[in-house]
Amino acid sequence: QVAAAELFGHDAGMIPWGCLTVEAEAFGCGLEAPVDYYPRVVTRPLEDDPDLARLADPDPSASGRMPVVVEGLARLREKAGDDLFLVAMVVSPFLVAAELRGLMGLLRDFVADPPYVESLFDRVTAGTERYLRALLATGACDAVLFENAGACREIMGPHHLERYVLPYQRRLLAAARREAPRVRLIEHNCSRTPYFDAILGL
C-alpha cells in the first residue's frame, strides 16, 4: 500500500482491505481462498447445530488471520510514517453472526428464539471487541471503519434493528472511544436502504 500510494498519490491505507471474513474465521468458520478474490466462508460452525459451545473464542494474538492484520497494521504505520491516513476495518457483530449461523438461519432465530440471538451476539461482540482493542493498541490507526451492511431495511425492520444491532454496535463504538478517543470512527454500509440515522446516533 505504501508503494501504491507513492505511485498513484493517494493519501490513505486500510487493513484488511475489503476482506469481511477475518472475524468469522477466528470464531470458527472455514474459508476458501480463491486466487483472484477475497476469502469466502464455506463452512459455518452454527449452521446445523446452534450450540454456542461450538464457537471458538478469538484471541487476536493467535486466532486465524487476526494477528496478521494486527501486525500488518503496525508495520504499515512503520513503513508509511505520517504520510498515510491509516484505517483498520472491523466487521459488525450482525455480519459476523450471519456468517457463523448462516443469514437465513439467523433471521429465523430473530423470530423463533430471541434469547438465543442475544446470547450469540454477546459472544460475537465480546470477541470482536478484543480484536478491536488489539488493533487500537498498535497506536497505528487514524480511523476504524465498521462494516455494517446488514443494518438495512432489506433485511430487518426497525424493531429488530433496535434489539439485535444497535446495542452491540454501541458496545464496540464505546470501546473504541474509551481505548482511543482521538481515532475517528467510520460507518460503512453499501446497502440500498441503510439505517444510517440510527447508527450515526450511537
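## A cis bond in a loop

Let's start with Pro16, which sits in the loop between S1 and helix H2 (22-27). The peptide bond leading from Ile15 to Pro16 is cis, with omega near -15°. Keep in mind while you look around that this is a predicted model.

## The sheet

Strands pair up through backbone hydrogen bonds, and they can do so in parallel or antiparallel fashion. Here, 4 strands make an open sheet, and the pairing is parallel. Read across the sheet, the order is S1-S4-S5-S6. Strand S1 (12-15) and strand S6 (184-188) are at the edges with a single partner strand each, so one side of each has no neighbour in the sheet. Ignoring direction, neighbouring strands of this sheet are turned by 25° against each other on average.

Now pick out strand S4 (residues 85-91) and strand S5 (residues 143-147): they run parallel and are joined by 5 bridges.

Helix H6 (residues 114-137) lies across S4 and S5, and it runs at about 170° to S4. Helix H7 (residues 158-179) packs on the sheet too, where it touches S5 and S6. The direction of H7 makes about 155° with that of S6.

Helix H7 is also where you'll find His160. Is His160 buried or exposed? Its relative accessibility is 17%, and the cut-off for buried is under 20%, so His160 counts as buried. Apart from neighbours within four places in sequence, His160 is in contact with Phe110, Val111 and Val165.

## Aromatic rings

How many aromatic pairs does the structure hold? There are 6 of them. In general, such a pair is described by the distance of the ring centres and the angle of the planes.

## The largest pocket

Finally, have a look at the largest pocket, which holds about 300 Å³ of space. It is lined by 20 residues, and the closest to its centre are Leu20, Val91, Leu95, Glu99 and Ala149.

Which elements supply at least two residues each to this lining? H2, strand S3 (40-43) and helix H4 (93-101) each do. H4 gives the most, with 5 residues.

Definitions and conventions
Residues are numbered from 1 along each chain as its sequence is written. This is a predicted model: local features need pLDDT of at least 70, side-chain atom pairs count only at pLDDT 80 or more; totals for chains, interfaces and linings use all residues. Side-chain values use heavy atoms; hydrogens and water are left out. Rings of Phe, Tyr and Trp (its six-membered ring) pair if their centres lie within 6.5 Å; planes under 30 degrees apart count as stacked, over 60 as edge-to-face and the rest as tilted. Two strands pair if DSSP finds at least two bridges between them. Axes are lines fitted to C-alpha atoms, for helices over the stretch in contact, and angles run from 0 to 180 degrees between N-to-C directions. Contact means heavy atoms within 4.5 Å. Buried means under 20% relative accessible area, exposed over 50%, partly exposed in between (1.4 Å probe, protein chains only). On a 1 Å grid over the protein atoms alone, a cavity is a set of points where a 1.4 Å probe fits but cannot get out, and a pocket is an open set with protein on both sides within 12 Å along at least five of seven lines; lining residues have an atom within 4 Å of a point. Grid points are joined across faces, edges and corners, and a volume is the space filled by probe spheres set on the points.
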